[in-house]
Amino acid sequence: MEKLRKKLFWLIPLAIVLVGLAILYIINLQRFTAPPTEDWSRDLPIATIDGYHDPQVEVNEGQVDIIYSQNKELVKKSFDSDLREIKEEPIPTKVDSWDDFYVYKDKVFYFDEEKIMNGATTEVIAEAELFHPANDQIYYAKGQDIFALNLNTNDTQKVVGVSHPVQEIQSSDNYLLVYTNNLNRGQLTFFEKQENDQYKEVISKEVNVGASNKINQMVFTSDQNKIYLGVSAESQSSQNKQFFFLYSEFSIQNPEIELVDLKPYDPVTKGPLENISQFELRPVDGGLEVLFRSVGFTYTDTNDNQAMNIYSMLIGDNSEITVERRSNNYALASAPFFFGDEAVGWKEIADQNQYQLKLASSNPNVVEQAEKTSVEEYLVGFGMSIGSLSTSVFLLYFMIVWTIIPIVYLGVVSLFYRYKDRNRDMNNNPWILYLGVLIYVAGALVMRDHLFPANAYLHAPDYIKFAGNDFFFILLFALFSLISVKLIKRDWGVIGKYSYFLGIQYLLYIVVLGPFYF
């Protein structure tokens, strides 16, 4: 037992470091691998795809198909109603490069260098400046005229012409949107398809997001006779950057566009989300769902805890919103898309030329599949823990003030015993140590705001962040350190014991509290 007590001198600090690091690692791993929200899965990789090409998603009865480019070839992967992969098959083609593609039944169409081509024959079907597939036809633009290519008959017809430049074409059900934008102004025109396959203009209007802002994206969707329009914008100045999401809904019978500025919030911090972009819309029961990417709170291997993730926003009555995370990754997520009714997908950069296609869902099968933790995630969690410990050393700077009183106390006591010529008595008087501990604790409690300010430990676990945590940890660590000193069997004086007491204090604060201070 006596040998063990002698070894406690180094065993105690070693145990503090090992136990503290183990607890920190478990917490970081749990946070890092946590699902984005309750009853929603973590990300599940489903494919590696070529960069810059977005996948095509087709939802059929009881099946979801996704078509993507992989190593300059098209691949079709099918999932059942429980989002289990049921088959994967290549799509034959004679084309090895393209800007965009569209698969309709057994036909493949490519858009490359302002030409629409038949993928089976490489025949050029039409010259086009823009390419927008929609169900059984492809809309494309030449100048200010919009054409439709019927994919069943291969017939082409001009459907509309507009008086403004054409930057993008979008469609939903029987409605067509043609728009252009320049900085803060956007000119858009809506059309409705009639029974004779002719298109009738519903509304043409200029929207303005403010002189100091600029439009990034406009997207619409429809539900019967109702149109939903979303507009993302940002301030033109790089200083005090602001991001906006504006929304309007109107009926075909009363086509008036009045944009409402919504404030998407971070579901974790409740603060505003930044850099809202790349969004999609779809009608849901009683409202609208917006799927978008944004910079929000995510536990990462850096102290800023910010990452580009995928979010879902439900817009209900009176433009009330509810925001939830759909991904919780430190990697850069982009190009989100709906994947059936209960899943979403997105891309993440895998390397210079390829992206990883990921899926997340509320489906129990996907939740179960995505629960597994990868080796990479274990390593990242360890790296996060080491990084947190390294930054926690800065707590020593804040604890310098706490050290002043013990140093003054020891100096005064030493001078007193030296003046009385009783240096040996000083080392044999245990009350000097006890009084020093009391003085240290009193000073720490008086100056506790240095280590326990109101803005610290914001993201600490519950066992650290609670009312009265300053008193609790100051007293607990002091008691633990004093017991450690008394347990150690060592030939040392009061100054040595007191220095060890202070050293254990500092180690506890650095290992237990330090990683969560910032």
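How many bridges join strand S4 (residues 73–80) to S5? Six, and the two strands run antiparallel. This is a predicted model, where local features need pLDDT of at least 70, side-chain atom pairs count only at pLDDT 80 or more, and totals for chains, interfaces and linings use all residues. Residues are numbered from 1 along each chain as its sequence is written, and side-chain values use heavy atoms, leaving out hydrogens and water.

**The four-stranded sheet**
- S4 and S5 belong to an open sheet of four strands, in the order S2-S3-S4-S5, with antiparallel pairing. (Strands are DSSP runs of E with at least two residues, helices are runs of H or I with at least four, and both are numbered from the N terminus; two strands pair if DSSP finds at least two bridges between them.)
- At the edges sit strand S2 (56–60) and strand S5 (85–91), each pairing on one side only.
- On average, neighbouring strands here are turned by 20° against each other, direction ignored.
- As background, strands of a sheet pair through backbone hydrogen bonds.

**Two hairpins in a row**
- Strand S15 (residues 175–182) and strand S16 (residues 185–193) run antiparallel, joined by eight bridges.
- Thr180 pairs with Gln187 in S16.
- Two residues lie between S15 and S16 in their hairpin, and Leu183 takes a positive phi near 55°.
- S16 is also joined to strand S17 (residues 199–208), by nine bridges and again antiparallel.
- Phe191 stands opposite Glu201 in S17.
- The hairpin of S16 and S17 has five residues between the strands, and Asp197 in the turn has a positive phi of about 65°.

**The helical part**
- UniProt, in an unreviewed entry, places "transmembrane region" at residues 7–27, 394–419, 431–451, 471–488 and 500–517; such annotations may be inferred rather than shown by experiment.
- Residues 431–451 are 76% helix and 0% strand, with end C-alpha atoms 28 Å apart.
- Residues 500–517 are 78% helix and 0% strand, and their end C-alpha atoms lie 24 Å apart.
- The axes of helix H6 (residues 430–446) and helix H7 (residues 469–487) come within 10 Å and cross at roughly 160°. (Axes are lines fitted to C-alpha atoms, for helices over the stretch in contact, and angles run from 0 to 180 degrees between N-to-C directions.)
- H6 and H7 are therefore roughly antiparallel, a label for angles over 145 degrees.
- Residues that meet (heavy atoms within 4.5 Å) include Leu433 and Tyr434 in H6, and Phe471 and Ile474 in H7.

Key: Angles under 35 degrees count as roughly parallel, over 145 as roughly antiparallel, 65 to 115 as roughly perpendicular and the rest as oblique.
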